[in-house]
Amino acid sequence: MAVGMSSPRPARTTAPRAAAEEPAGSAAGPDGLATGTDPDATGVDPDDLPDGLVVADASGHVVCFNAAAARITATPRADAIGRPLDVVLPLEDLKGKRWWTLTDPYGGLATRNGQPERNLLLPGGREVLVSARYVREHPTGPVRRVVVCLRGTEARRRTERSHAELIATVAHELRSPLTSVKGFTATLLAKWERFTDDQKRLMLETVDADAGRVTRLIAELLDISRIDSGRLELRRQPVDVSAAVARHIQALITGGQAPDRFRVRARGPLPALWADPDKVDQVLGNLLENAVRHGEGTVTIEIAPAPAPGACDEMGTAVTVSDEGPGIPEESMSRVFTRFWRGSKRGGTGLGLYIVKGIVEAHGGTITVDRGPGGGAEFRFILPVSMPAYLV
């Protein structure tokens with residue numbers, strides 16, 4: 001009998017009948033439950049499951065203990081089979097209370113059918129995610145089996161670290177412009193009459209630029225949230241990619257870049273493209289800004305028709321942006337489109353290329369990075385035509 005759990009209610013004697021119904025070659029536990037050591041019993045070997053599986057019979061003794069459970073608990077299978085469930089899994093909650101005593105699967109409420117997943121502790125303070133299912137002969141009958149699922153916390157910890165890093169990055173990026181905005185506005189309010197018109201204008205222009213940085217950061221966070229949840233909305237319209245590229249180049253020239261730094265190659269005719277023009281502008285703006293800021297030499301933009309991703313007979317539009325800078329190291333190319341990747345130069349949130357990839361894929365397209373002909377980075381994305389059905 002399992003120590004720390006109430007005595008199970010008497011169960012009907014079903015073992016002879018259940019055993020007779022078991023397929024030949026399966027191993028059965030005390031109540032006729034296959035132990036899971038024979039794949040032919042269910043068609044699936046419990047050892048193939050990615051999560052830990054522990055099954056206890058009507059008497060509270062373990063009859064199934066798969067390989068993942070042995071790995072997660074650091075308990076050999078031989079030391080688990082046949083022993084009381086609460087001895088094999090001496091779980092405690094985060095307050096140090098014994099979990100099996102609190103939940104009492106065999107002697108607790110007859111209407112309870114399991115326990116939702118929660119974070120519990122194994123001996124030594126190791127955390128594990130545990131959920132349980134109580135199998136009854138009928139809705140309020142005695143518990144025939146207790147099925148426990150065990151999962152490691154590594155994946156959750158990685159997610160938590162990613163969220164913590166995102167929060168830290170956002171806090172850092174917000175602090176600088178907000179400090180500037182607060183400082184200049186406070187100074188202007190306190191000493192407005194002491195400044196000349198030119199000084200006031202300079203301060204207000206700085207406040208406006210910093211407010212723009214905050215707005216862009218908030219927009220990035222919203223985009224990440226929508227991309228991660230699959231809720232990025234696209235408002236498809238006819239898009240002239242060549243005209244969009246020309247607008248971005250003109251904006252960079254107006255901002256101080258030399259006109260001869262940009263070279264545009266357009267190979268036509270281009271297929272009609274239906275996409276979200278604002279999102280396409282976001283992609284082009286990010287790639288061109290990266291090439292100007294982190295690259296060197298001439299920035300080449302090539303626009304050409306290309307086979308649409310996943311379609312044999314449909315054409316799409318490919319845009320390639322390359323520079324003549326040092327490029328991206330080979331070992332870093334697989335991480336370029338991940339969160340917080342900034343390359344060798346610090347600066348920015350490191351979220352831009354992650355958002356670019358999400359936007360392109362939301363359109364059904366693909367984006368890649370490679371080394372360009374001039375030695376620098378070369379980004380290439382392809383967008384399918386995606387023409388509305390009513391126009392086809």
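Helix α8 (residues 241-254) packs against helix α9 (residues 277-294) at an angle of about 45 degrees, and their axes are 10 Å apart. The model is a predicted one, in which local features need pLDDT of at least 70 and side-chain atom pairs count only at pLDDT 80 or more, while totals for chains, interfaces and linings use all residues. Residues are numbered from 1 along each chain as its sequence is written, and side-chain values use heavy atoms, with hydrogens and water left out.

**Helix packing**

- Helices (H or I, at least four residues) and strands (E, at least two) are DSSP runs numbered from the N terminus. Axes are lines fitted to C-alpha atoms, for helices over the stretch in contact, and angles run from 0 to 180 degrees between N-to-C directions.
- Angles under 35 degrees count as roughly parallel, over 145 as roughly antiparallel, 65 to 115 as roughly perpendicular and the rest as oblique; α8 and α9 are therefore oblique to each other.
- Helix α6 (residues 154-191) and helix α7 (residues 197-229) have axes that come within 9 Å and cross at roughly 155 degrees, which makes α6 roughly antiparallel to α7.
- This crossing of α6 and α7 is left-handed. The residues of the contact of α6 with α7 comprise 15 nonpolar, five polar and four charged. Here Ala, Val, Leu, Ile, Met, Phe, Trp, Tyr, Cys and Pro count as nonpolar, Asp, Glu, Lys and Arg as charged, and the others, Gly among them, as polar.
- The axes of α7 and α10 come within 10 Å, crossing at roughly 45 degrees; α7 and α10 are therefore oblique to each other. Their crossing is left-handed.

**Pocket and cavities**

- On a 1 Å grid over the protein atoms alone, a cavity is a set of points where a 1.4 Å probe fits but cannot get out; a pocket is an open set with protein on both sides within 12 Å along at least five of seven lines, and lining residues have an atom within 4 Å of a point. Grid points are joined across faces, edges and corners, and a volume is the space filled by probe spheres set on the points.
- The second largest pocket holds about 250 Å³ of space. Its lining has 14 residues, of which Ile-72, Arg-151, Gly-152, Thr-153 and Glu-154 are the closest to the centre.
- At least two residues of this pocket's lining come from each of α3 (67-73), β4 (126-136) and α6. The lining of the second largest pocket divides into five nonpolar, two polar and seven charged residues.
- Two cavities of 30 Å³ or more are found in the whole structure, and the second largest cavity has a volume of about 30 Å³.
- Val-280, Val-283, Ile-359, Val-360, His-363, Phe-381 and Leu-383 line the second largest cavity. Two or more of these residues are given by each of α9, α10 (352-362) and β12 (377-384).
- The lining of the second largest cavity has six nonpolar residues, one polar and no charged.

**Salt bridges**

- The whole structure has nine salt bridges, each a side-chain nitrogen of Lys or Arg within 4 Å of a carboxyl oxygen of Asp or Glu.
- Arg-77 forms a salt bridge with Asp-47, and the closest N and O atoms are 2.9 Å apart. Arg-77 lies in the loop between α3 and α4 (85-88) and Asp-47 in the loop between α2 (39-42) and β1 (52-56), so the pair ties together parts 30 residues apart in sequence.

Technical notes
Left-handed = near helix turned anticlockwise from the far one by under 90°.
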